[in-house]
Amino acid sequence: MRDVARLADVSVSTVSNYLNGAKSLKQETRFRIEQAVKELHFQPNALAKSLRNSRSNEIGVILPSLSDPYFSDIYRGLYNVFLHENYFVTFASSNEIEEREKQIALSFIQKRVAGIIIATCQPHKVDFFQENCLKNNIPIVFLDRKPINLDTHYVHICNYDPIYSIVSSLLAQGIRHIALLTGYADFSSQNECITAYADAFTDFGVSYNPSYIRHCRISRMDAFDCAIKMLAQYPLEAIITSSETLMQGVRQAVFVRHIRADEEIKLISLGEESWCSNTSFNKIITTTRPAGQLGETAARLLLNNIH
């Protein structure tokens, strides 16, 4: 397979996707692989095919946590799809720990699951997924966090537009001291927020303080610690967060600092419909993201690869 990939000038995972009948490959890529297969007289390993056909109807799902409404909504969406397709879902939380994520993925692979859906905490370490998932012909769909330099299936919600709109609106109101709190910048979904924030300031013709952009683990406690420090250092007029979990920590920090939300500082968060409809924090402005639909999309994409 490596020889085919080399001759076709594509990755091994792309060749694997072609051999497994993936429909998402470009026509030009498909043609190059076909020519390489013919030239090398390549024959797929019969044992590998046999193993692939003997997979279970189990789907492995790896998410950071279900305590975050965003990932909870994603899980609910994908679970409902698989339920109606007679697949059963096994969920495991990585807790944003790379080694734990690897162990979970390996356990799924050893069980010969039908496929894997994952929001990885190590998008920069693609060799692991290449060697253990794609080489073993395990269909996999990444969501929310794009793996770097890996030719694979990926679905996400655009965070750029809402953050750009929020920052632009605040700037138009004369607000300049705007903080942005996100998860780690290594995650594509979080990097989108940072790019949108910077672009909004640039397009408005106003410079921003780089210290107003902070990253932390997506947890309420980490967000609280980060917000407490920023509120003590800077005259913030608004804080934007990339998730409700982060906003919960920010809200607590604002309360501890005896700052009146909405009157003295604006709190704005990307949010999910389930959280926005149930929250009693009426001083927080939220935007809704279709996380449930993202889960459904990921599930259907994986089903297409399995079938």
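Select A223 first: it is buried, because its relative accessibility is 0% (buried means under 20% relative accessible area, exposed over 50% and partly exposed in between, with a 1.4 Å probe and protein chains only). The model is predicted, so local features are given only at pLDDT of at least 70 and side-chain atom pairs only at pLDDT 80 or more, whereas totals for chains, interfaces and linings use all residues. Residues are numbered from 1 along each chain as its sequence is written, and side-chain values use heavy atoms, leaving out hydrogens and water.

A223 belongs to helix α10, residues 220-233 (helices, H or I of at least four residues, and strands, E of at least two, are DSSP runs numbered from the N terminus). Display its surroundings next: not counting residues up to four places away in sequence, A223 touches L181, C216, L246, G249 and V250, where contact means heavy atoms within 4.5 Å. L246 is 23 residues from A223 along the chain, yet their C-alpha atoms are separated by 5.2 Å.

Now select strand β1, residues 58-63; six of its six residues are buried, so the strand is largely enclosed by the rest of the structure. In a regular strand the side chains alternate between the two faces of the sheet. Here E58, G60 and I62 point one way, while I59, V61 and L63 point the other way.

Which strands are joined to β1 by bridges? Strand β2 (residues 88-93) runs parallel to β1 and is joined to it by six bridges; strand β3 (residues 115-118) is also parallel to β1, with four bridges. Strands pair if DSSP finds at least two bridges between them. To locate these pairings, show I59 opposite V89 in β2, and V61 with its bridge partner I117 in β3.

Y70 and F71 form an edge-to-face pair, because their ring centres are 5.0 Å apart and their planes stand at 65 degrees. Y70 is buried at a relative accessible area of 5%, and F71 is buried at 4%.

Finally, select F129 and F142, whose ring centres are 5.0 Å apart with planes at 85 degrees, so this pair is edge-to-face. Both residues, F129 and F142, are buried.

Technical notes
Phe/Tyr/Trp six-rings, centres within 6.5 Å; stacked < 30°, edge-to-face > 60°.
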